[in-house]
Amino acid sequence: MKRAINIRLFPSKDQEVLMWKHIGSMRYVFNWGLDKQINHYKATKKKLSAAELGVELTKLKNQEGYEWLYQVSNATLKEALRDLDKAYSNFFNGSGFPKFKSKKKSKDKFYSRYDKIYFKNNIVNLEKIGKVQCRNNYDIDLSKVTKFSNPRVSFNGRVWVLSVAIEIENEKEQLNDFSVGVDLGIRDLAIANIDELDTKNINKIAKVRILTKKLKRLQRQCSRKYEKNKKGVCYQKTKNIAKLEKRIKRLHSKLAHIRENHIHQATSKIVKIKPFRVVMETLKVSNMMKNKHLSKAIAEQGFSMFITQMKNKCTKYGIEFIQVPTFYPSSKTCSCCGRIKKDLKLSDRVYKCECGFKADRDKNASYNLAKYGLEVSV
Ligand SMILES: [Zn+2]
């Protein structure tokens with residue numbers, strides 16, 4: 001099975017300089033190649049092949065003043081030409097004409113030669129960059145992986161990441177004979193029929209609250225600065241605004257990372273106890289109650305990320321994953337006797353049944369989800 005992984009990198013100062021050189025050179029070669037293509041087309045009405053451009057590139061590298069291109073991996077430069085070739089071919093197939101890559105608009109990433117990559121302890125080897133410190137958050141022994149495909153190193157404004165696809169064997173696990181029902185909510189992110197699997201709402205944790213406040217403050221500061229520097233009807237981006245925007249981008253990325261990591265921990269916890277199946281609701285908007293600490297958009301994003309991760313992890317371990325139909329009354333049904341309480345309101349936090357059963361509303365829903373399809377309700 002192929003699996004895409006993201007590995008956080010901790011380059012030294014010198015390595016970081018080299019990485020920026022790789023990013024800059026890829027952009028340079030792409031633009032240089034595009035210029036060549038344009039001129040060639042004007043003269044001959046034909047397209048240069050990637051191989052022809054490769055020959056031109058070697059000539060360029062040997063010209064005086066272009067020695068710096070030798071500091072960069074040749075595979076990286078060739079990849080820029082392949083990217084260009086793809087964009088140019090797409091143009092001939094009806095897409096838009098390839099654009100020159102600008103420093104401001106293009107993504108900060110570069111291709112790293114796949115067959116030079118290997119892991120050892122917390123080190124990854126990258127061609128021309130050398131042995132870079134890294135952190136492996138996956139339960140995979142990367143030193144045993146021999147095949148890496150399409151590796152890219154990118155900088156997201158805050159951290160360096162290596163994204164690469166690896167080939168791993170699908171392991172069959174011994175599963176237990178219980179099922180897990182998971183109910184997603186705003187007060188708590190996930191409530192399950194097994195208490196240890198419950199997961200808090202990360203946005204209520206002090207660290208995230210502080211960061212969110214800080215983000216809002218910066219955003220206000222930024223829009224105020226835009227207003228102040230407005231010339232006529234045109235907004236101006238000053239150096240200070242650019243600096244502020246960079247900080248905002250970093251904060252966004254940090255928050256997104258914390259949220260994603262939180263969901264990874266929650267979903268991992270569930271597959272680690274190896275149930276034979278996991279049952280969840282189909283995502284619906286009525287789940288999103290109004291909450292002043294959380295925008296609907298963030299909740300929605302978190303919920304769909306949770307479901308995607310849950311699905312993927314279940315597939316990986318051979319656990320059955322089920323989403324109940326939207327009309328299934330998981331909240332309104334008594335998980336003890338099966339009665340359906342039609343007048344259950346969103347504000348009723350505790351579920352009380354005529355049969356004497358009493359439980360937290362979301363807990364009751366998770367019990368029902370866990371039982372879904374296993375028995376016919378009375
Ligand atoms: Zn009941």
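Leaving aside its neighbours within four places in sequence, which residues is L175 in contact with? In this predicted model, the contacts of L175 are K274, P275, F276, Y317, G318 and I319. The protein has 378 residues, and its secondary structure comes to seven helices and 14 strands.

**Overall form**

- The radius of gyration of the protein is 27 Å, whereas a compact globule of 378 residues would have a value near 21 Å.
- Buried residues make up 40% of the 378 residues, and of the contacts with a separation of 6 or more, 68% are between residues 24 or more positions apart.

**The zinc site**

- The zinc ion has as its protein donors the SG atoms of C334, C337, C353 and C355, which lie 2.2 to 2.3 Å from the ion.
- The arrangement is tetrahedral because the four donor atoms subtend angles of 106 to 116° around the zinc ion, and those angles fall within the limits of 85 and 135 degrees that the assignment requires.
- For comparison, the ideal angle for four tetrahedral donors at a metal is 109.5 degrees.
- Along the sequence, the donor residues follow the spacing C-x2-C-x15-C-x1-C.

- Seven strands form an open sheet in the order 2-6-7-1-5-4-3, with antiparallel pairing.
- Strand 2 (109-111) and strand 3 (118-120) are the edge strands, each of them pairing on one side only, and from one strand to the next the twist averages 35°.
- Strand 6 (residues 148-155) and strand 7 (residues 160-167) run antiparallel and are joined by six bridges; F155 has W160 in strand 7 as its bridge partner.
- Helix 1 (residues 13-44) packs on the sheet and touches strand 1 (2-10), strand 2, strand 4 (123-126), strand 5 (130-135), strand 6 and strand 7, with its direction at about 80° to that of strand 2.
- Helix 3 (residues 74-92) also packs on the sheet, where it touches strand 2 and strand 6, and its direction makes about 105° with that of strand 2.

- Although L175 and V271 are 96 residues apart along the chain, their C-alpha atoms are separated by 9.7 Å.

**Two residues with positive phi**

- Most residues other than glycine have a negative phi.
- K128, which is not a glycine, has a positive phi of about 70°; K128 is found in the loop between strand 4 and strand 5 and counts as partly exposed, at 41% relative accessibility.
- N150 likewise has a positive phi, near 45°, but its place is in strand 6, and N150 is partly exposed, with a relative accessible area of 48%.

Notes
Residues are numbered from 1 along each chain as its sequence is written. This is a predicted model: local features need pLDDT of at least 70, side-chain atom pairs count only at pLDDT 80 or more; totals for chains, interfaces and linings use all residues. Side-chain values use heavy atoms; hydrogens and water are left out. Donors are N, O and S atoms within 2.8 Å of the metal (3.2 Å for Na, K and Ca); water is not among the atoms, so sites may look incomplete. Four donors count as tetrahedral if all angles lie between 85 and 135 degrees; four count as square planar and six as octahedral if opposite donors are over 155 degrees apart and all others between 65 and 115; anything else is irregular. Two strands pair if DSSP finds at least two bridges between them. Helices (H or I, at least four residues) and strands (E, at least two) are DSSP runs, numbered from the N terminus. Axes are lines fitted to C-alpha atoms, for helices over the stretch in contact, and angles run from 0 to 180 degrees between N-to-C directions. Contact means heavy atoms within 4.5 Å. Buried means under 20% relative accessible area, exposed over 50%, partly exposed in between (1.4 Å probe, protein chains only). The radius of gyration is taken over C-alpha atoms; the globule rule is 2.2 Å times the number of residues to the power 0.38.
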